[in-house]
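I opened this notebook to record what I looked up in the model.

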Amino acid sequence: MLKRGIQKWDLVFLIINSVIGAGIFALPAKVFALSGIYSVLAFLVCALVMMVLILVFAEVSSRFEQTGGPYLYTLKAFGPIPAFVIGWLLMLTRLFSYATLINLLVLYLSFFSEIFNQTEVRIGMILFITGLITYVNWIGVKNTARISNILTVAKLFPLAVFILVGLFFIDFDLIEPGPLPSWSDFSASTLLLIFAFGGFEAGLVNSGEIVEPKKNLPFGLITAAAIIAGFYIMIQVVSIGTLPDLASSDKPLADAASGFMGWYGGMFITIGAVISIMGTLNVQILSGSRLPFALSLEDQLPKFFGKVHPRFATPFVSLAFFASLVAFVAIVWGFMSSLAVSVISRLILYGMVSAALIRLRQIQPEGNHFKIPYGNYLAIGGIVATLWLLSGSQAEELWDTLLWTGLGLLIFAIHRILSKSRTKK
């Protein structure tokens, strides 16, 4: 039995920590390259889409108290096979998000020394950081939540300084409206931003370790979303207004801060980026390691993934398996290739949970849970928005995601066949 050690504000910090990671330290440049000054509008559109999805998640999550998050919601609404696909996709988002984040962390460390661009050093850093975070998660969820809170405050502080100082150095010539971007470029911009805004679902996977989840999950989701949206939009405004070469920057916030605060300003933001990414990596391991555990409880993966440590009450087998897998994926895949699979998997997941709300309202119309007004319409809006964003994906990226999903279904089928053969014996 897992312990309920995550309090209300722990959950807010956990969600902020999960969402504000590497994305906001890299994507302002990539989005600006696609949409120019209208990238601020792309941030706003993405924030509105995510708020619709978060309201949907707030109601759906308030119906459950067990560990599993979107996997559990889909299981209740649509049955075991769709649920396994969503559980697998949820694990893929954690895997590829982790790979994207940790590769960007090493890239930001190159601000201090070019040695971090060497392949051997990059691999060594990935293994060291993954091992450290795994140990912290191994020794108990209360320790993880406490560290998450510290890292959340530590990551918000440099971002707040970046905004407050940067506002005094904005060159208004840089933020004048220019030619409108094409619809495809604007859609691609918003699609990229799903990575920066996504990740809130990670906090929901740990429902079995949250105090009063039916009450605290809606509060945590909505509060965290409002804080994140405000930070992101202001960061993009400052980045555009202070960095003329924003479109070509690999480290846009560090480069912008170096421009208006000098080298020490760039160093300050770089340290903030490293702390921020570390915090999000911590949440990726925390939530991702619970997915094989949740799948094993429903007999969709082998039972040994459901083993709980006798002293620390953590799913240690699932944790060791997931940590090994993320280290491998992080070493093999780079930043942009990992980002694409993560975003597409996440969008499919969001669309399915939106559909689950409509289904759950049909089969469980009453109950002691949070209920949003016009919930079915919001759910339909969430489905339409995810389809629109998926239309901006490249065929190769969709194909990679389908291959990974097929691998998951193959593992599921093999496990079912072996389980049946053992039962007959």
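Entry 1, terms. I take a polar contact as a pair of N or O atoms within 3.5 Å; within protein, one must be able to donate a hydrogen and the other to accept it, and residues adjacent in sequence count only if both atoms are side-chain atoms. I note that this is a predicted model, in which local features need pLDDT of at least 70 and side-chain atom pairs count only at pLDDT 80 or more, while totals for chains, interfaces and linings use all residues. Residues are numbered from 1 along each chain as its sequence is written, and side-chain values use heavy atoms, with hydrogens and water left out.

I located S318 in helix α13, residues 316-332; helices (H or I, at least four residues) and strands (E, at least two) are DSSP runs, numbered from the N terminus. I found a polar atom of the S318 side chain 3.3 Å from the backbone nitrogen of F293. Beyond its neighbours within four places in sequence, S318 is in contact (heavy atoms within 4.5 Å) with S289, R290, P292, F293 and F305. I list S318 as buried because its relative accessible area is 0%; buried means under 20%, exposed over 50%, and partly exposed in between, with a 1.4 Å probe and protein chains only.

I placed N17 in helix α1, residues 8-19. N17 has a relative accessible area of 0% and is therefore buried. The C-alpha atoms of N17 and V283 are 7.0 Å apart, although 266 residues separate the two along the chain.

I checked the length of helix α5, residues 80-109. Its 30 residues should span 44 Å at 1.5 Å a residue, and the end C-alpha atoms lie 43 Å apart, which agrees; the expected span is 1.5 Å times one less than the number of residues. Because 25 of the 30 residues are buried, α5 is largely enclosed by the rest of the structure.

I found L418 in helix α16, residues 395-424. L418 counts as partly exposed because its relative accessibility is 43%.

I counted 16 helices and zero strands. Of the 425 residues, 58% are buried. Among contacts between residues at least 6 apart in sequence, 85% join residues at least 24 apart. The chain exposes about 16900 Å², of which carbon and sulfur atoms supply 68%; accessible areas come from the Shrake-Rupley method with a 1.4 Å probe, and for residues only the protein chains shown count as cover.
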